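Visitor: Could you show me how to read a helix, a core and some ring pairs in a model like this one?

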Amino acid sequence: MDVTERLSFFASLYRVDQNAELGMWLLYLTIIGLSILVYKLGFAKKLPIAKSIVIYLFLVMGCTFLTFLGIFLPVAEGLVIAALILIIYKVRLNNEKRKGNI
């Protein structure tokens, strides 16, 4: 069985099978970035700085586990879809608010 056929899109894009160290770091940073984006778009509330640091610390630690799953499972791809849905939601929400205020 060929491992390259089972890699997720981002794992094969970053060539985790050929250059494991660089590929894993790029996949890790991608998952962290997408997770922060999804968190900010969908779930973030205004918190004190200390609480925000704790939340982001746990988010980064959770992304470490998600990176290992993201090699063969579509973790980053799911985060991209979630981010797109939340972006569309925020744009439509802002348009509706603007229409109501005019």
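Predicted model: local features only at pLDDT ≥ 70, side-chain atom pairs only at ≥ 80, totals over all residues.

Visitor: How many residues does α2 have, and what span does it reach?

Guide: Helix α2 has 23 residues and reaches 32 Å from its first C-alpha to its last, close to the 33 Å expected at 1.5 Å a residue.

Visitor: Which residues of α2 are buried?

Guide: Here is the general idea: an α-helix has 3.6 residues a turn, so residues three or four places apart point the same way. In α2 the buried residues include L27, Y28, I31, L34, S35 and V38.

Visitor: Which elements give two or more residues to the largest nonpolar core?

Guide: That core has 19 residues, and among those touching the most other members are L27, I31, V38 and C63. The elements giving two or more residues are α1, α2 and α4, and α2 gives the most, with eight.

Visitor: What does C63 touch, leaving out residues up to four places away in sequence?

Guide: C63 touches Y28, I31, I32 and S35.

Visitor: And how do I read the aromatic pairs?

Guide: A pair of aromatic rings is described by the distance of the centres and the angle of the planes. This structure holds four such pairs. F10 and Y14 form a tilted one, 6.1 Å centre to centre with 40° between the planes. The rings of W25 and Y28 have centres 5.9 Å apart and planes at 75°, so that pair is edge-to-face. W25 and Y28 both lie in α2, three residues apart, about one turn of the helix.

Visitor: Is Y28 buried or exposed?

Guide: Y28 is buried, with a relative accessible area of 15%.

How values were computed:
Residues numbered from 1 in each chain as written. Heavy atoms only, no water. Core = buried A, V, L, I, M, F, W, Y, C linked by side-chain atoms within 4.5 Å. Buried < 20%, exposed > 50% of the residue type's maximum accessible area, 1.4 Å probe, protein only. Helix = DSSP H or I, 4+ residues; strand = E, 2+ residues; numbered from the N terminus. Contact = heavy atoms within 4.5 Å. Expected span 1.5 Å × (residues − 1). Phe/Tyr/Trp six-rings, centres within 6.5 Å; stacked < 30°, edge-to-face > 60°.
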